[in-house]
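Please consult the sequence and the structure while reading.

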Amino acid sequence: MTEVRTPTTASELSAEWATQALRGSGTIGADVSVATVSADPGEAGVGFMGEVARIGVTYDGDAGDAPTRMVAKFATRVPEIRAMMHPTRVFEREHRFYEHLAASTPVRTPITYHVTCETGDDPAEEEYLLLLEDLEGLTLGDQLAGVTPEHAESALVGLARHHARFWDRAGLADAAFIPTINGPLNKAGQSIYEASLPGFVQVFGDALLPEMVPVAEAYGANHPRMLDRFADMAHTLVHFDYRADNLFFDDSGDGSVVVIDWQSISIGGGAADVGYFLGQNLSIEDRRTHEDDLLHRYHDTLEANGVEGYPFERFFQDYRLAVIYGWVIPVFAVGSLDTSSPRAMTLWTNVVERIQDAIFDHGSQEFIT
C-alpha cells in the first residue's frame, strides 16, 4: 500500500490513511481495512492550539474489538501560531508522552490508536496527529462549576499514583523531550505575565482584592524564583495543566480519573499540580471544608506507592508555594480570552476569586517579595 499523506484537519481524514494508521499501531490486523471514516461536525472543535474531532469508523473484515468511535487531535496549521509554539515543543511533548510514557503511568489515559510525531527545525514541515479513545460516557470535569469533593479525591489519588511512579525521575532517563520545570521555556513566563497584567487588570480589576493588587504587581519578578523552588523539590513528571476540564471521571465504574492534554508536561516538584488543582478547581466552600483531608489523601497515596523522605509538613509548604504560583494562569488566560463569552468570563472570575481566597488562607503571599 502506497503511503498516504498525513491529514492536517478532520476533513482530510480518509479510509486509506486510517487503514495504514490503525494497522501500524496493531489496532487492526493486516487483513482488515477501514471502509469509512467520518467526522461528526457537531463534535469538532477548533481552538488556538489546533482541532479536536470525534470520528466514526467502519471496517471491512473482522475488526474484533477495534473502536468504531475515536477522537482525532490535530496541531494547528496557522503558521504564526506554529512558529510561536515551536520553541516550547508542546506538540512534541504530548505526542511523545502517548508514544513512550502513557503505558507507564498508573493514572488512566485515553487508549492510543495512532501517533504521528514528525519533528524538525521548520515548524511548517512538522506533522502531528493523535487518534485516541473516545471517552464518551464518562463525566467530564467542569472548572466553572468546580469539581465535587468526591471527584477531587479521585483526581488527587490518580495524580499521586502518577507522581509516585516517576518520583526521582524514575523512568524519565530517556525523556529528553520533557523540559525541566525551571528551564528557559517556562521562565519565559515572566515576560508574558508582565505583558498580560495590564489587560488582566482591565478585565478583572473588579474581582481583585485590595490586598492582592501589590502581590499581583510584584508577581512577575518572582516568577523565575518560584520555578527554581519547584526544581529544587524531588523531581517527578508534572502534568502542569491539571484542571477539571482535562479530567474525566468514571462514575459508573470504579470512580477512577482519566487524564487528557499532556502538552505542558515538565520535570519538577509534583506539588505544582496539587496547588493548581485545589486552588482553582473547587468552590471556595468545598476547598475550605475538604482541603486538609484531600491533601492528606494525596500524601498518603504517595507514601503507599513507595515515596519516602517527603514528610507531610514539607509537602504542605511546597503546596503553599504552588497555590500562589497558580496565579499566573488567569493572567496568562487574558491573552486568548473571549470576553464576549459569558461562560468564559464567569469561569475566570470564579478562578480569580478562588485562588485569591486560597492564597490568603495560607499566607502564600509571603513568597512574593
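## Kink in helix α6

In this predicted model, helix α6, which spans residues 189-204, bends by about 40 degrees at Leu197. The kink lies shortly before a proline, Pro198.

Leu197 is also one of the buried residues of α6. In an α-helix, residues three or four places apart point the same way, because each turn takes 3.6 residues. The cover over the buried residues of α6 includes α5 (184-187) and α7 (212-232), together with α11 (328-333) and α12 (342-361).

## Cavities in the whole structure

## The largest cavity

The largest cavity holds about 50 Å³ of space. Its lining consists of Thr6, Pro7, Thr8, Phe74, Ala75, Arg77, Arg82, Glu127 and Tyr128. Two strands, β3 (69-75) and β5 (127-133), each contribute at least two residues to this lining.

By class, four of the lining residues are nonpolar, two are polar and three are charged.

## The second largest cavity

About 30 Å³ of space lies in the second largest cavity. Val107, Gly158, Leu159, His162, His239, Tyr242, Val259 and Trp262 form its lining. Helix α4 (residues 149-165) provides the largest share, with three residues.

The lining of the second largest cavity comprises five nonpolar and three polar residues, and no charged residues.

Definitions and conventions: Residues numbered from 1 in each chain as written. Predicted model: local features only at pLDDT ≥ 70, side-chain atom pairs only at ≥ 80, totals over all residues. Heavy atoms only, no water. 1 Å grid on protein atoms, 1.4 Å probe; cavity = no way out; pocket = protein on both sides within 12 Å on 5 of 7 lines; lining within 4 Å. Points joined across faces, edges and corners; volume = space filled by probe spheres on them. Helix = DSSP H or I, 4+ residues; strand = E, 2+ residues; numbered from the N terminus. Nonpolar A, V, L, I, M, F, W, Y, C, P; charged D, E, K, R; others polar. Bend = angle between axes of the 7 residues up to and from the residue. Buried < 20%, exposed > 50% of the residue type's maximum accessible area, 1.4 Å probe, protein only. Contact = heavy atoms within 4.5 Å.
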